[in-house]
Amino acid sequence: MEQRALGRQGLKVAAVGLGCMGMSEFYGAADEAESVATIRRAVELGATFLDTADMYGPFKNEELVGRALRGLRDRVVLATKFGNERAPDGTRVGINGRPEYVRKACDASLRRLGVDRIDLYYQHRVDATVPIEETVGAMAELVQAGKVRWLGMSEAAPATIRRAHKVHPISALQTEYSLWSRDPEDEILPTLRELGIGFVPYSPLGRGFLTGRFRMPSDLPEGDFRRGSPRFQGENFQRNLALVDRVQAMAREKGILPSQLALAWVLAQGKDIAPIPGTTTRKHLEENVAAAAVVLGKEDLARIDEVAPRGAFAGDRYPPQGMATVNR
């Protein structure tokens with residue numbers, strides 16, 4: 001697997017990683033044994049950049065990842081996140097960036113993961129009530145204490161990223177980016193490249209939509225949070241499906257899967273980009289990893305822009321309450 005540098009502080013990760021969120025929540029039921037096998041298979045295949053967060057489950061996903069990595073810890077770059085505070089019963093408490101909470105959350109994640117150090121520690125969402133300098137200052141203390149190696153941010157606005165980077169170097173910024181979510185190209189990516197910060201796209205397959213597996217909203221499992229996503233509803237769904245059909249047709253011509261075409265497109269956007277497609281099965285993991293070998297030339301990229309032009313997909317990526325927490 002190709003290794004890509006994120007930031008200028010020495011962090012190198014697999015070009016294609018693994019998002020573990022869906023193994024514990026949000027995308028319907030998952031098989032724990034298969035999830036553990038999928039994580040271990042990812043390590044075998046070189047997809048050794050693993051992403052989790054304390055709020056997934058809540059807390060259960062970190063425990064799952066920790067169990068799966070027993071005996072394999074030194075072979076992976078382990079990333080987790082704090083800031084979306086939840087109670088043990090799943091109740092959402094709110095976004096918390098207070099320094100005392102940063103320290104408490106890190107210690108709790110270390111215990112659940114069963115490790116003595118987190119490789120990449122992200123602020124999951126920016127707390128608008130706490131100066132970013134205070135939050136990142138507490139994160140920097142974790143680096144100094146040896147509990148964290150590199151710092152990251154998620155869904156932060158350019159101005160916030162700049163302020164944070166002055167307190168302590170930020171190695172990676174995570175946000176949604178795919179053929180159907182290209183907003184980061186406006187200001188986020190230019191800011192990251194100016195500052196020398198790597199980019200970690202989550203949902204690079206459009207939350208599964210770009211795979212072509214969903215033909216109608218009812219195809220989504222019961223309890224799947226995507227049922228409440230504007231992009232998966234009504235006219236938006238139909239408009240987006242028509243675009244995905246065009247992506248599928250191009251993938252068939254190239255003899256690859258739509259998911260592989262979509263991932264290869266993300267990978268082609270820069271060597272400072274390392275996507276973390278999520279999956280719960282070894283089969284889909286293997287398909288995603290194979291995308292790293294797909295080479296798209298200038299003509300391919302130009303044609304993708306024609307069949308799925310920027311801004312063509314319909315609907316916000318989150319409901320209003322979710323959109324209020326991003327890019328701030």
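Predicted model: local features only at pLDDT ≥ 70, side-chain atom pairs only at ≥ 80, totals over all residues.
The expected span of a helix is 1.5 Å times one less than its number of residues.

View 1. Helix H1 covers residues 32-45, a run of 14 residues.

**View 2. Buried residues of helix H1.** Which residues of H1 are buried? They are Glu34, Ser35, Thr38, Ile39, Ala42 and Val43.

**View 3. Elements covering the buried residues of H1.** The cover includes two strands, S3 (18-19) and S4 (49-51). Helix H2 (60-68) and helix H9 (282-290) are also among the elements that cover these residues.

**View 4. The whole chain, for orientation.** The protein contains 11 helices and 11 strands. Its C-alpha atoms fill a box of roughly 55 × 40 × 35 Å along the principal axes. A compact globule of 328 residues would have a radius of gyration near 20 Å; the protein has 19 Å, and therefore agrees with that expectation. Of the contacts with a separation of 6 or more, 75% join residues 24 or more positions apart.

View 5. Of the 328 residues, 59% count as buried. The protein exposes about 13,500 Å², and carbon and sulfur atoms supply 49% of that area.

Notes. Residues numbered from 1 in each chain as written. Heavy atoms only, no water. Helix = DSSP H or I, 4+ residues; strand = E, 2+ residues; numbered from the N terminus. Rg over C-alpha atoms; globule rule 2.2 N^0.38 Å. Buried < 20%, exposed > 50% of the residue type's maximum accessible area, 1.4 Å probe, protein only. Contact = heavy atoms within 4.5 Å. Areas by Shrake-Rupley, 256 points an atom, 1.4 Å probe, with all protein chains shown as cover.
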